[in-house]
Structures are given as structure tokens and as C-alpha cells.
Amino acid sequence: MPLLNLALDVRSGLRTRVRITVNRATLLKLRATRQAVPQPVIVDAMIDTGAERSCIDPAVVRRIALPLHAFGFASAPGTNAPVIPALGGTAVNAIYQAGLALIHPAPHSDLVVPEIVLETLPLAQFGIEAVIERDVLASCVLVYNGPTGSATLAY
Amino acid sequence: MTPTLPPGFPTELAPLATEIHTYFRVLPQLLAEGEEGRFAVVKGAEVFGTWDTQKDAIQYGHERVPDGQFLAQEIDARFLTAFGAFFQPPAASGTA
């Protein structure tokens with residue numbers, strides 16, 4: 001079971017590096033039709049337990065051309081996502097298919113999620129481009145050690 | 001001509017504008033049939049059924065839609081509350 005050790009602080013939270021790719025089904029389709037596969041994008045991400053679905057900044061989508069299949073609600077106070085008053089201040093956002101991996105320093109130890117549905121939120125203003133939420137953490141054990149300023153993610 | 005989307009919808013959803021209009025057109029019926037919480041697969045003006053999970057809906061969409069451009073959208077009454085007036089046609093006024 002790989003262990004990913006992370007530094008944390010109160011101000012910036014729990015940060016890690018994540019690789020965003022096209023999802024596996026798209027990858028297989030592109031290969032079968034001999035089309036170019038978009039290069040993965042490595043981004044700075046925050047690990048968070050406050051929401052159900054992981055999300056990425058729209059700029060990441062533009063860099064990798066992810067398939068778009070749905071829209072959803074997003075409650076993201078502090079971002080500049082346009083809110084809909086009739087939805088109680090939440091916003092509508094686009095939802096994409098993707099693959100992602102939490103990058104581990106050791107070879108072959110990344111946490112790979114070949115198929116995941118990601119929402120878009122304007123995150124760049126916070127110095128991150130992705131937030132990893134409970135949908136990914138559902139397969140992990142997270143130990144958050146505030147006094148030592150460290151956390152461990154086991155998967 | 002590509003249909004328009006209401007204010008507040010991200011511009012990146014524009015390629016699925018036709019499908020979104022279809023979704024809102026059938027949303028009242030799907031809700032009446034007890035489909036809330038399931039996921040509808042929509043291409044153009046057609047609905048290709050509903051599925052328990054978004055993953056299943058997306059997989060089915062890829063099997064049925066050759067160009068891979070489709071909507072796999074959760075059936076949610078809150079969307080009707082927020083945007084129903086934009087998508088639903090006004091009731092025709094009858095005259096005797």
C-alpha cells in the first residue's frame with residue numbers, strides 16, 4: 001500500500017501534484033482511430049474533504065481538450081463563478097470526463113484514477129488548478145497531523 | 001442556428017446547447033415519471049434513455065453516439081426551478 005507523505009499548513013492547506021489526462025475510454029478511442037492523444041497536464045492541487053466531486057480550473061480543460069458531457073451545481077464562495085440567485089447563490093458549471101493520478105515520488109506508486117468526472121471551478125486565483133475531493137478519497141486513508149504539519153495518504 | 005443558453009451557463013457548454021434545450025423540454029415529463037436522480041443521455045433532439053449512474057450513462061452515450069458529443073445529465077428538479085422559464089415555451093393564450 002503506497003503512502004504519500006504531504007506537508008500542510010493552515011494557510012495553504014494540503015497540497016500535492018496531480019496529473020490530468022484524458023479518460024481511459026477516450027484514450028482507447030483515440031488510439032484505435034490513430035488520432036493524437038493530448039499530453040497529460042501536471043497541476044498543483046489541494047486535497048479537501050468538503051465536497052463530493054473533484055474539480056479543475058477551466059484553463060486545464062483548454063490545455064487537454066477533455067470530453068464534455070454534463071453540467072452541474074457548484075457552491076464555491078470566494079471564487080468568481082457567476083452565481084444564480086434562483087439557486088440560492090450557487091453556480092452552474094461544466095462537467096468533464098478525465099483521468100487523473102496523484103503523483104507519488106516513487107516509481108509506479110501513483111494513485112491512478114483512469115475514469116473520473118470532474119467539475120470546473122475558477123481555482124487559479126488560489127494558486128491551484130485542481131481540488132481532490134471525496135470521490136477520490138473514497139479509496140484512501142487520510143491521516144491529518146496538525147501539530148506536526150504533515151499528512152499521509154494511503155491507498 | 002445554435003440555440004442560446006440562459007445567463008449563468010458557462011460558455012463552454014455552448015456545443016451542447018441543442019442537447020440542453022432537449023433536456024429541459026423533457027425534464028418535466030422525466031420528473032413526473034419518477035426519474036429524478038437518474039441520468040438522461042441526450043443527443044440532438046432525442047433522449048436515449050436514463051441510467052442509474054453518470055458513468056453508465058456516459059458509457060452508453062459512447063456506444064450510441066458515433067461522434068461522442070452528447071449530454072449525460074442528471075435529472076434534477078432544481079434546474080427546472082431555476083431555468084424552466086427560459087426553456088419552456090410560453091402557454092398559448094386561447095381566444096374564443
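Predicted model: local features only at pLDDT ≥ 70, side-chain atom pairs only at ≥ 80, totals over all residues.
Chain A contains 3 helices and 10 strands. Read from the N terminus, its elements follow the order β-β-α-β-β-α-β-β-β-β-α-β-β. The C-alpha trace of chain A extends over about 50 × 45 × 25 Å along the principal axes. The radius of gyration of chain A is 16 Å, which agrees with the value near 15 Å that a compact globule of 155 residues would have. Of these 155 residues, 48% are classed as buried. Among the contacts in chain A with a sequence separation of 6 or more, 68% are between residues 24 or more positions apart.

Chain B has 3 helices and 3 strands, arranged from the N terminus in the order α-β-β-α-β-α. Along the principal axes, the C-alpha trace of chain B spans about 50 × 30 × 25 Å. Chain B has 96 residues, of which 44% count as buried. When contacts in chain B between residues at least 6 apart in sequence are considered, 54% of them link residues at least 24 apart.

The accessible surface of chain A amounts to about 7800 Å², and carbon and sulfur atoms account for 57% of this area. Chain A carries 12 positive and 11 negative charges, whose mean positions lie 9 Å apart. In chain B, 6 positive and 12 negative charges are present, and their mean positions are separated by 2 Å.

Over all chains, 8 salt bridges were found in a search of the whole structure. One of them, in chain A, pairs A:Arg17 with A:Asp44, with 2.9 Å between the closest N and O atoms. A:Arg17 belongs to strand β2 (residues 13-21) and A:Asp44 to strand β3 (residues 41-47) of chain A, so this pair ties together parts that are 27 residues apart in sequence. Both partners fall in the intermediate class of accessibility: A:Arg17 is partly exposed at a relative accessible area of 41%, and A:Asp44 is partly exposed at 34%.

B:Asp52 is located in the loop between β2 (46-51) and α2 (54-64) of chain B, whereas B:Arg38 is in the loop between α1 (17-32) and β1 (39-43), so the pair ties together parts 14 residues apart in sequence. Through shared partners, the salt bridges join B:Glu35, B:Arg38 and B:Asp52 into one network.

B:Glu35 is buried, with a relative accessible area of 16%, which lies under the 20% limit for burial. B:Arg38, at 25% relative accessibility, counts as partly exposed. B:Asp52 has a relative accessibility of 54% and counts as exposed, because exposure is assigned over 50%.

Conventions:
Residues numbered from 1 in each chain as written. Chains lettered and ligands numbered in written order. Heavy atoms only, no water. Helix = DSSP H or I, 4+ residues; strand = E, 2+ residues; numbered from the N terminus. Rg over C-alpha atoms; globule rule 2.2 N^0.38 Å. Buried < 20%, exposed > 50% of the residue type's maximum accessible area, 1.4 Å probe, protein only. Contact = heavy atoms within 4.5 Å. Areas by Shrake-Rupley, 256 points an atom, 1.4 Å probe, with all protein chains shown as cover. Lys, Arg positive; Asp, Glu negative; His and termini not counted. Charge placed at Lys NZ, Arg CZ, Asp CG, Glu CD. Salt bridge = Lys/Arg side-chain N within 4 Å of Asp/Glu carboxyl O.
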